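Biologist: Could we go through the helix packing and the chain contact in this model? Please keep the answers plain.

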Amino acid sequence: MSGWETVIGLEIHAQLATRSKIFSGASTAYGAEPNTQACAVDLGLPGVLPVLNHEAVNMAIRFGVAIDAEIDHRSVFARKNYFYPDLPKGYQISQFELPIVGKGHISISLTEGEHREIGITRAHLEEDAGKSIHDQFPEQSGIDLNRAGTPLLEIVSEPDMRSAREAVAYARKIHSLVRYLEICDGNMQEGSFRCDANVSVRRFGDDQLGTRAELKNINSFRFLERAINFEVERQIELIEDGGRVVQETRLYDSQRDETRSMRSKEEANDYRYFPDPDLLPVQISDQDIASIRAQLPELPEQKKQRYIDDFGLSNYNAELLSSNRDTALYFEAALVESPQLSTPLVNWILGDLAGALNKAGLEISVAPITPIMLSQLITRIDDNTISGKIAKQVFEAMWQGEGSVDAIIEARGLKQITDSGAIETLIDDVITANPEQVEQFRAGKEKVLGFFVGQVMQQSRGKANPAQVNAILRDKLK
Amino acid sequence: MTLKSDDVRSIAHLARLHIDEDAIEHYVHDLSSILSLVDQMNQVDSSAVVPLANPLDATQRLRTDEVTEVDQRDKFQVIAPDVEAGLYRVPKVIE
Amino acid sequence: MSMSVTEIRRGLAEGRFSSVEVTQDYLARIAQHNPVLNCFISVTDELALAQARQADADLANGNTQALTGVPIAHKDLFCTDGVRTSCGSRILDNFIAPYDATIIENFKRDGAVMLGKTNMDEFAMGSSNENSFYGSVANPWNIGHVPGGSSGGSAAAIAAGLAPGATGTDTGGSIRQPAALCGVTGIKPTYGRVSRYGMVAFASSLDQGGPFARSAEDCALLLQTMAGFDPRDSTSSEQAVPDYSAALGDGIEGLKIGLPKEYFSEGLDGRLAAVIETAVDELRKLGADIKEISLPNTSLSIPTYYVVAMAECSSNLSRFDGVRFGHRCADPVDLEDLYKRSRGEGFGEEVKRRILIGTYALSAGYYDAYYLKAQQLRRMIKDDFQTAFDSVDLILGPTTPEVAFEIGAKTDDPVSMYLQDIYTISLNLAGLPGISLPVGFVDGLPVGMQLIGNYFDESTLLGAAHSYQQVSDWHLQVPELAR
């Protein structure tokens, strides 16, 4: 495999989070009964006409502003003509010349401190197609047009990525960005965020690009990485065996972890693009762009830097917290309650909370422990009401829905014992009960102290303040 | 500009139009004569002219993002050639 | 009996007859003449009578709108909820539209009664009405001749007195040319004046709906109902609609009218030229200031038009695929077979020709030479008119180069058929309004004169035509069979 360079460009389709479709007033909600959200316009009935959704345009501009892209004052919709049953009009309304978002760029982080600029060629608005369902009828396919007309932003990158890992880092970055911008829900399982990868290989030093294959049907970042890796190997083997890569569309099959040629799309496509005469050129003023720019939320890069500067977070932790908008929102909401406790908060969010969410398969936005609850828990550790160890019990109880931090501490009697008299009584009992270990300690076996601490904590059912226990024990054992 | 019968076959395929083999020559003739009419456009140099796509040179009006449509599936599917379980049916699509 | 829309309105208002009576009368005339003329694809008797009864109730209650109780026919290209909308095509022979076009809603809002849906060239592609799945329409002035097209059914219905008013669409002359050939008045408004929503598209950047009637006065009433902004059509204009009837009295005196020399050159039948000259003299007497002008790129309008129209139609007609509505072939073996046979069986010859040419013109390697080139010439043609309107208020010429030809005379030669549109299509390319009105006869067949106005200046067109019709009676002539 050495001696080969991989060249990857991605085409990302992000469904825009508008309420209604790009050219009709039908709902874009996911999961409705087949064809109940396909109105006359979506069905391409004779005589119907498209009218452009303002919000879709604004969302595209928001993306353009965030990647520092050129945004032309004039944008044109074109028809892409081809026949397919999930494409009701026999053409897709898309953009060809004059896309809404022109050249831009985005920076991806690879390893600690290492960055790479990825060029974005363009991003254009278009309508989504419907869905073909192949397994419902033995001899036929069923067509559901609910998705037809959902607005898509197609984000086309330059062929700037050199490995599957870079491609995934770029895709994740775009994913994070569109969610930050609140223009796409990013749900890959439901198809709201889809990646196609153009993959080619060439020998190091070649300045010509190799023939590329377009990989489709990739619905997770993991599969993106696998599909590219499989395809790269396939192409290198093919060329080394004296073969040639053909330009084609290949489908990724996650079950078999391989890509295969899509015969149905093999025929050279001639899309006959031309400006859609039912739609007029969209006029975008400098004021439109300026007002969208002014309303832009804080973006992941800016957040990350702020976390490093304000809370002294490590680059790694700051990246983890800021890359997912919901995680960042969670952190910031919790921080409002206990501004001075950023460090334990980060540790709990990236540690116990992330672990529990992962185990339960939940997103942080629906975590059973709210930011306020987590911040109260940390406050109770900080004010010595409970120990770090007891906190884990309380966390578990909150996760199970047993109530607030204080209610659980109260109900379970978990309040830390800090009364030194009470601790001394406990310690005296333990010392009396274990004369042998006392001898060992006094003979210089320091390790035995751990045994005593353990015994005292056990007796107190974990509630004794560990620092106090330690100090008093040392004193008494002298 | 004259077309050959294979040109007509490939255009007909692109347009998904069935044309009887014995009508191909007829189309070759008709389409070629239309194309020679169309070729009159080349009498004029228009290279400096900005293309006109819409007669009024107007710009697109934008719609507020609101759901205004209700489900009319039953009404729309009464006129469909083949529907089952709310889905439009077509011969199996092979991907 | 052959009443105008204006007369029917007056009669209904004065209670001289009811809407049911008028409607029954027209339905009877349709029943009598349609077997020969073939103007209607569908006659909606029951619906018409129900609407007429409602209209009579409204009239009795004083709840009257602009056209309450007036029977109207609609070109079968406008979607009508619950009524077949065939577009003259086999592919939509079974298509019951599930919604109303905007202009159909407008006519309902204004109380009109729908008599039925009129015959047309398939998908409005044609200049003779011979390209209909439902057969040719006969010209009421001579049933061996064509009525013009594509809105031939509507024009012939007015001429034969089968309806007092009708709708049509005009992509390259499809209102004005049949109006001329049938001796009636028809106006194609400015692009964007009448909503295209629910009007099945032929060529989206050229299509425009408009009315036919016996007179400019009637056309003003019908256009008032049709015109106006529609939020469902992105190309619809937000300009306010003036009161067209109020502008009828504006007259012709002082109007500067330009005669393009290119419209009076070779290709125009000399006998028609003479008829037009006479009408021009009449306008001069009415105080018009007539001068010669030039529209130098007129000859380019035919190739330009056909490239634009065919390219757009090839895409617009892709939705007829046998999946969601319309004709589906029997037992398709696979998807490609479904598409190819459904479309091959469903579309007629002329439609197929145009889809093929349009597909070719847009295909890789030809786009610049054909479509882009045509869009450039389109601007040059528009600029010619703009320049002309710097010095004139209206432009005048013949509507067609000859009177109605015999059925079958040009069916084997599509190009000679296209040349019939030479005077009408440049307006569609420029988006300008035009009206055709009858100004005489040649060989017993009507001659139409076309007036072309500036953007959104339908009032001046209607006013000028009305002034002429106040001093002439060509528009009152009726063919033998309608007397």
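Biologist: What is the handedness of the crossing of H8(A) and H9(A)?
Modeller: In this predicted model, H8(A) and H9(A) cross in a right-handed manner. By class, their contact has eight nonpolar, two polar and no charged residues.

Biologist: At what angle do the axes of those helices, H8 and H9 of chain A, cross?
Modeller: The axes of helix H8 (residues 325-337) and helix H9 (residues 342-360) of chain A cross at roughly 140° and come within 10 Å. Angles over 145 degrees would count as roughly antiparallel, and H8(A) and H9(A) are therefore oblique to each other.

Biologist: Which residues meet there, between H8(A) and H9(A)?
Modeller: From H8(A), the residues include A:Tyr330, A:Phe331 and A:Leu335, and among those they meet in H9(A) are A:Leu345, A:Ile349 and A:Leu353.

Biologist: Moving on, how are H11(A) and H12(A) oriented to each other?
Modeller: Helix H11 (residues 388-399) and helix H12 (residues 405-412) of chain A pack at about 110°; H11(A) and H12(A) are therefore roughly perpendicular to each other. Their contact divides into six nonpolar, one polar and one charged residue.

Biologist: And which residues of H12(A) take part in meeting H11(A)?
Modeller: A:Val405, A:Ile408, A:Ile409 and A:Arg412 of H12(A) meet A:Gln393, A:Val394, A:Ala397 and A:Met398 of H11(A).

Biologist: Now the interface: how much area is buried between chain A and chain B?
Modeller: About 3,800 Å² is buried between chain A and chain B, and carbon and sulfur atoms give 58% of that area. The contact takes 50 residues from chain A and 33 residues from chain B.

Technical notes: Residues are numbered from 1 along each chain as its sequence is written. Chains are lettered from A and ligands numbered from 1 in the order in which they are written. This is a predicted model: local features need pLDDT of at least 70, side-chain atom pairs count only at pLDDT 80 or more; totals for chains, interfaces and linings use all residues. Side-chain values use heavy atoms; hydrogens and water are left out. Axes are lines fitted to C-alpha atoms, for helices over the stretch in contact, and angles run from 0 to 180 degrees between N-to-C directions. Helices (H or I, at least four residues) and strands (E, at least two) are DSSP runs, numbered from the N terminus. Angles under 35 degrees count as roughly parallel, over 145 as roughly antiparallel, 65 to 115 as roughly perpendicular and the rest as oblique. A crossing is left-handed if the near helix is turned anticlockwise from the far one by less than a right angle, and right-handed if clockwise. Contact means heavy atoms within 4.5 Å. Ala, Val, Leu, Ile, Met, Phe, Trp, Tyr, Cys and Pro count as nonpolar, Asp, Glu, Lys and Arg as charged, and the others, Gly among them, as polar. Buried area is the accessible area (1.4 Å probe) that two parts lose on being put together, summed over both.
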